[in-house]
Amino acid sequence: MASVHESLYFNPMMTNGVVHANVFGIKDWVTPYKIAVLVLLNEMGRTGEGAVSLMERRRLNQLLLPLLQGPDITLSKLYKLIEESCPQLANSVQIRIKLMAEGELKDMEQFFDDLSDSFSGTEPEVHKTSVVGLFLRHMILAYSKLSFSQVFKLYTALQQYFQNGEKKTVEDADMELTNRDEGERKMEKEELDVSIREEEVSCSGPLSQKQAEFFLSQQASLLKNDETKALTPASLQKELNNLLKFNPDFAEAHYLSYLNNLRVQDVFSSTHSLLHYFDRLILTGAESKSNGEEGYGRSLRYAALNLAALHCRFGHYQQAELALQEAIRIAQESNDHVCLQHCLSWLYVLGQKRSDSYVLLEHSVKKAVHFGLPYLASLGIQSLVQQRAFAGKTANKLMDALKDSDLLHWKHSLSELIDISIAQKTAIWRLYGRSTMALQQAQMLLSMNSLESVNSGVQQNNTESFAVALCHLAELHAEQGCFAAASEVLKHLKERFPPNSQHAQLWMLCDQKIQFDRAMNDGKYHLADSLVTGITALNSIEGVYRKAVVLQAQNQMSEAHKLLQKLLIHCQKIRNTEMVISVLLSVAELYWRSSSPTIALPVLLQALALSKEYRLQYLASETVLNLAFAQLILGIPEQALSLLHMAIEPILADGAVLDKGRAMFLVAKCQVASAASYDPLKKAEVLEAAVENLNEAKNYFAKVDCKEQIRDVVYFQARLYHTLGKTQERNRCAMLFRQLHQELPFHGVPLINHL
């Protein structure tokens, strides 16, 4: 279950999606690209309404905003964008720019003189206060402030800009005449080379204030909501370094660099960028008020708070605690209750393994509600629900608490926390063994995200909650034997969350676990053993447990027992109850496989008590199955059969296909064993029922391609058919058993004690 406090990082750049770049020494100026955009605007004003269709004008209007706000692009790319919206206008713009660039300097001067006519008249083409109007006025003002030498340099740059665009157009036309197959390959290489050169040209100069604000706002939003659409870490860092080269005191660029370094888990660079951000913020006085004291103190306390969050993220808990103490001290001196609430939340994150941490969390929720901080209050409720789920509280109480938090989400439009809440419900239902409810919640989250992108125009489906829901979905499909569907889900996860993204570890672990289970089902223990290393790198506890399972399957009982005992002590220490029960079940299985079922009984009873205490229904049912099997081995099949009737319903309703097969196989064995003392007629009826159960078990095992279990089932069926006198069915099962027995290794465990 993912931590719900991942969203507590303070992000001073984002307020309602807008970057606050209060300090930037460079204003707007005229560039060749902006002259080309001015030509486009001028042509749009000169073109009559009848010459351009309504759809083309709509596409042009949608194109204008990114052209005005975005960084400079090459002329060829600009032509292409205009041509996609309105081919007729693209041709007019190309002719106007060509006449200006191949003409004289006075042509450019006359063009800027004519721009002012757009505002004249009773019904001007452009309103002065509109987005386009403000852009035109800024450009006219910037051009009028240029000296003659600067105007000449601008005209020379315009000529070079035009020549580069023409050269690119000619290269594209030449490539179309070459062989198609070879031309496509060359085109890809040429376009790649040209795009790199174009990027160097377009980014060689400093960005204006508006361009920098737009760039930082766009990249920060993408890093938060849709990381795959943001620039790659290397490309983004290159752009930020270029931005900081012209203005080293641009604090927000340092913060975006900090977020970018977090993507690649670079602790040194992220710490360096974070400290630089707050240093610049303090030095420039970007947050100061009249005397600067309050802004200075606010920067210091949030600097310490962010440093604590950074250290906590990388597992440096001692350094995080020291930084948090410093933040608390400064916040108390300044009487900043909001900062203190953030600190209180992080105090819980650092001390959540302590038994009294829930008291701190409850206090944090009450204070957050008191000070009107719905985001922190909701996160506190989510964490409280998560903690109480691990403590074994009933599902109805947890869902009531989540319902209260959902009311906060909808009331304050906290869409991100709605996603987290649904992902939390998915994880809780899976923890309690209710796979159908978990599947429903996961699908609900996916549907909500798809609707949100339509309504708001912002992709929100690359967040951690989305990754968690998809991972649950993949595991649930794999448990039911739908490996093709699970592979499709994992493929989608890999596309949405590339290996260098911050949530990629979720699907990596999920993928490794599914591959491990398939290898174990198929009897390929050497392949499963090779996957243990990858699982251990992502989750050490899960890796050690899987290693013990492999050793046990390979009949290395003493090594497996040592590993399980060490893991049991560690899990009891960190209070990982779910893993403690799984380890106890493995230890019990190890005992009865070593022909010591009496020693396994106390271990199984301990596991059952823990499952009941923490309301882990599915693990409790699995424990009852193991108890029934132990009783079967001890020679009391009637009691084993009565136990099975208690546990089999939850397994058939919500269990994995493999566990359903094991349950039906065990029912058949108990039926056969209990029928030993029956009269011949009744015994034949019971054996017929056992054969039907074995067929059902075989179908379950076939869904997950568990050949070892199928071998055991057909062996048992052959014996039953022999007893019933059905020679043809017996021979068919015996032949199938022989094929599987030659293909698979034999672990030497007695399967049948009574017939």
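**Exercise 1.** Determine which residue forms a salt bridge with Asp406, and where the two residues lie.

*Solution.* Asp406 forms a salt bridge with Lys425, with 2.9 Å between the closest N and O atoms. The term denotes a side-chain nitrogen of Lys or Arg within 4 Å of a carboxyl oxygen of Asp or Glu. The pair links distant parts of the chain: Asp406 belongs to helix H18 (residues 395–412) and Lys425 to helix H19 (residues 415–431), 19 residues apart. Helices are DSSP runs (H or I, at least four residues), numbered from the N terminus. Asp406 and Lys425 are both buried, a class that means under 20% relative accessible area, with exposed over 50% and partly exposed in between (1.4 Å probe, protein chains only).

This is a predicted model, in which local features need pLDDT of at least 70, side-chain atom pairs count only at pLDDT 80 or more, and totals for chains, interfaces and linings use all residues. Residues are numbered from 1 along each chain as its sequence is written, and side-chain values use heavy atoms, with hydrogens and water left out.

**Exercise 2.** State where Arg301 and Asp336 lie, and whether they are buried or exposed.

*Solution.* The salt bridge between Arg301 and Asp336 has its closest N and O atoms 2.6 Å apart. Arg301 sits in helix H13 (residues 293–313), whereas Asp336 is in the loop between helix H14 (317–334) and helix H15 (337–350), 35 residues apart. Both Arg301 and Asp336 are buried.

**Exercise 3.** Classify the accessibility of Glu362 and Arg388.

*Solution.* The side chains of Glu362 and Arg388 form a salt bridge at 2.5 Å, N to O. Glu362 is in helix H16 (residues 357–370) and Arg388 in helix H17 (residues 374–390), 26 residues apart. Glu362 has a relative accessible area of 26%, so Glu362 is partly exposed. Arg388, at 32%, is likewise partly exposed.

**Exercise 4.** Identify the residues linked with Arg430 in a network of salt bridges, and give the count of salt bridges.

*Solution.* The network links Arg430, Glu475, Glu479 and Lys513. The count comes to 23 salt bridges.

**Exercise 5.** Describe how the axes of helix H30 and helix H31 cross.

*Solution.* The axes of H30 (residues 637–654) and H31 (residues 657–674) come within 10 Å and cross at roughly 160 degrees. Axes are lines fitted to C-alpha atoms, for helices over the stretch in contact (heavy atoms within 4.5 Å), and angles run from 0 to 180 degrees between N-to-C directions. H30 is therefore roughly antiparallel to H31, the class for angles over 145 degrees.

Terms used
Parallel < 35°, antiparallel > 145°, perpendicular 65-115°, else oblique.
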